[in-house]
Amino acid sequence: MASEELAKKLQSRLVATQEAADHDPRPESGPSPVLLRPRPQEAEAACGDSSSSSELSAVLTRRQDINDGTAAPRLTRVFNPYTEFKEFSRKQIKDMEAMFKRYDTGRDGFIDLMELKLMMEKLGAPQTHLGLKNMIKEVDEDFDGKLSYREFLLIFRRAAAGELQEESGLMALARLSEINVSTEGVMGAKDFFEAKMQALSLGSKFEAEIQEEKEERKRQEVEKKQRQAAFKQLQSAFCS
């Protein structure tokens, strides 16, 4: 009943505004009168008290703010898998990233329903349409119906922590991916001191992996120079 009364008030306000515009003595070439726009609270009440109406009102309000140039920018968080997923080694994270990119056939930074379907078929554990949707839903933090790289890593975190059901599609994905997700950080620590020791050990291992990668690049560079030198020597022998 209150919604009907409010709707009538909004209608009468619009009619009064239109009548004022019709009797405006200013020339037609002048600026047009500004129509009153109902406040978001009034529009929400007129549409009902449901949550869907509230969400729609928020979306329409933000869209209007964007058009008016008064919308506040939304903050974006920079995602660093090496600092957020410390329980995994650099090699593990790189293996997961390579797997994610391999099945992100659309190259848009997401694995959608069809790409997940192809992945599970390739892994030898095909799922039903409903099963695939449930797999995404279990780790879909932003409710966009697809897996981001971070949400993909969450699958392996939950598998390593024993939080996945043994017969679930996500567990099959983690098990068949050939990526060892055994915990290596502080996830399984029993007390504070043990957690501290494991954190220090993890930091040392992280630095060791970086150093190992640098040494490998140096070795490859040396081998490249040796091959170039050998080729030049062989070339000079033919030309002499």
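Let's start with a charged pair: the side chains of Glu166 and Arg175 meet in a salt bridge, 2.7 Å from N to O. The term here covers a side-chain nitrogen of Lys or Arg within 4 Å of a carboxyl oxygen of Asp or Glu. Glu166 is partly exposed at 49% relative accessible area, and Arg175 is partly exposed too, at 44%. On this scale, buried is under 20% relative accessible area, exposed is over 50%, and partly exposed is in between (1.4 Å probe, protein chains only).

Before going on, keep in mind that this is a predicted model, where local features need pLDDT of at least 70, side-chain atom pairs count only at pLDDT 80 or more, and totals for chains, interfaces and linings use all residues. Residues are numbered from 1 along each chain as its sequence is written, and side-chain values use heavy atoms, with hydrogens and water left out.

By the salt-bridge rule, the count comes to 13. One of them joins Glu213 and Lys94, at 3.1 Å from N to O. Glu213 sits in helix 10 (residues 192-239) and Lys94 in helix 5, so this pair ties together parts that are 119 residues apart in sequence. Both ends are partly exposed: Glu213 has a relative accessible area of 21%, and Lys94 has 34%. There is also a network of salt bridges linking Glu84, Glu141 and Arg150.

Now for helix 5 itself. Helices are DSSP runs of H or I with at least four residues, numbered from the N terminus. Helix 5 has 14 residues and reaches 20 Å from its first C-alpha to its last, close to the 20 Å expected; that expected span is 1.5 Å times one less than the number of residues. Glu97 is partly exposed, at 26%, while the buried residues of helix 5 include Ile93, Met96, Met99 and Phe100.

Met99 brings us to the largest nonpolar core, which has 33 residues; Met99, Leu116, Met119, Met120, Phe152, Phe156 and Leu173 touch the most other members. Such a core is a set of buried Ala, Val, Leu, Ile, Met, Phe, Trp, Tyr and Cys residues joined through side-chain atoms within 4.5 Å. Helices 5, 6, 7, 8 and 9 each give two or more residues to this core, and helix 8 gives the most, with seven.

Take Leu173 as a way in: leaving aside neighbours within four places in sequence, Leu173 is in contact (heavy atoms within 4.5 Å) with residues including Met99, Leu116, Met135, Phe152 and Ile155.
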